[in-house]
Amino acid sequence: DLTTLTELQLKCNQLGSSLCEHIHMDRLSSLTTLNMSTNQMGPISCCRMLFQFKFLASLQCLELAENSLGQDPGYTTEMAGLFSNLVSLHTLRLESNHFDDASGAALMDGLALVTTLKQLFLKENSLGVKDACALKGRLDKLHSLEVLDLSNNLVDS
């Protein structure tokens, strides 16, 4: 019985989206922290996984760093929209995910819907000035945002 589990650390595996195939997400109703960083996940497998996360109403911290979520801008739009299903999410770690101008813009559109977000980590991607401007235009919707990390991207003045 996993209903009392609050933290699940799965960093540095090769899960892709297979976590959802092996664990019934509705049994993780108390989960507040999930780390799936460095799991060889692309945007398609992330979409499959996030669709199942609708059962994780208590999830506050989601770590997806060092995957390849920015590889396909088309799926990035769908993936980013699914983040809004996480109604308690306050920390999102998306470092080193190959987000660039195209996938970064799609990501920003979806993240604007995550009004509970307090911390957003996007460092070490390839986000440029266009993405920084897109993010700036959406920050007014993110009233709870306290930490934004864009270090080591391609943003210049």
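**Core, sheet and selected residues of the predicted model**

Phe83 is in contact (heavy atoms within 4.5 Å) with Leu50, Leu62, Leu64, Leu92, Leu94, Leu107, Leu111 and Val114, residues up to four places away in sequence being left aside. The structure is a predicted model, in which local features need pLDDT of at least 70 and side-chain atom pairs count only at pLDDT 80 or more, whereas totals for chains, interfaces and linings use all residues. Residues are numbered from 1 along each chain as its sequence is written, and side-chain values use heavy atoms, with hydrogens and water left out.

Phe83 also belongs to the largest nonpolar core, which comprises 38 residues; Phe53, Leu62, Leu64 and Phe83 are the members that touch the most others. Such a core is a set of buried Ala, Val, Leu, Ile, Met, Phe, Trp, Tyr and Cys residues joined through side-chain atoms within 4.5 Å. At least two residues of this core are supplied by each of α2 (43-52), α3 (73-82) and α4 (101-111). Helix α2 provides the largest share, four residues. Helices (H or I, at least four residues) and strands (E, at least two) are DSSP runs, numbered from the N terminus.

An open sheet is formed by six strands in the order β1-β2-β3-β4-β5-β6, with parallel pairing. On average, neighbouring strands are turned by 5 degrees against each other, direction ignored; axes are lines fitted to C-alpha atoms, for helices over the stretch in contact, and angles run from 0 to 180 degrees between N-to-C directions. Two strands are taken to pair if DSSP finds at least two bridges between them. Three bridges link β5 (residues 119-121) and β6 in the parallel sense, and Leu120 has Leu148 in β6 as its bridge partner.

Arg93 lies over the face of Phe121, at 3.8 Å from the ring centre. The criterion requires NZ of Lys or CZ of Arg within 6 Å of the ring centre and within 35 degrees of the ring normal.

Ser68 is located in the loop between β3 (61-63) and α3. With a relative accessibility of 18%, Ser68 counts as buried (under 20% relative accessible area; exposed, over 50%; partly exposed in between; 1.4 Å probe, protein chains only). Its contacts, not counting residues up to four places away in sequence, are Met41, Gly42, Pro43, Asn97 and His98. Lys130, in helix α5 (residues 129-138), is exposed, with a relative accessible area of 53%.
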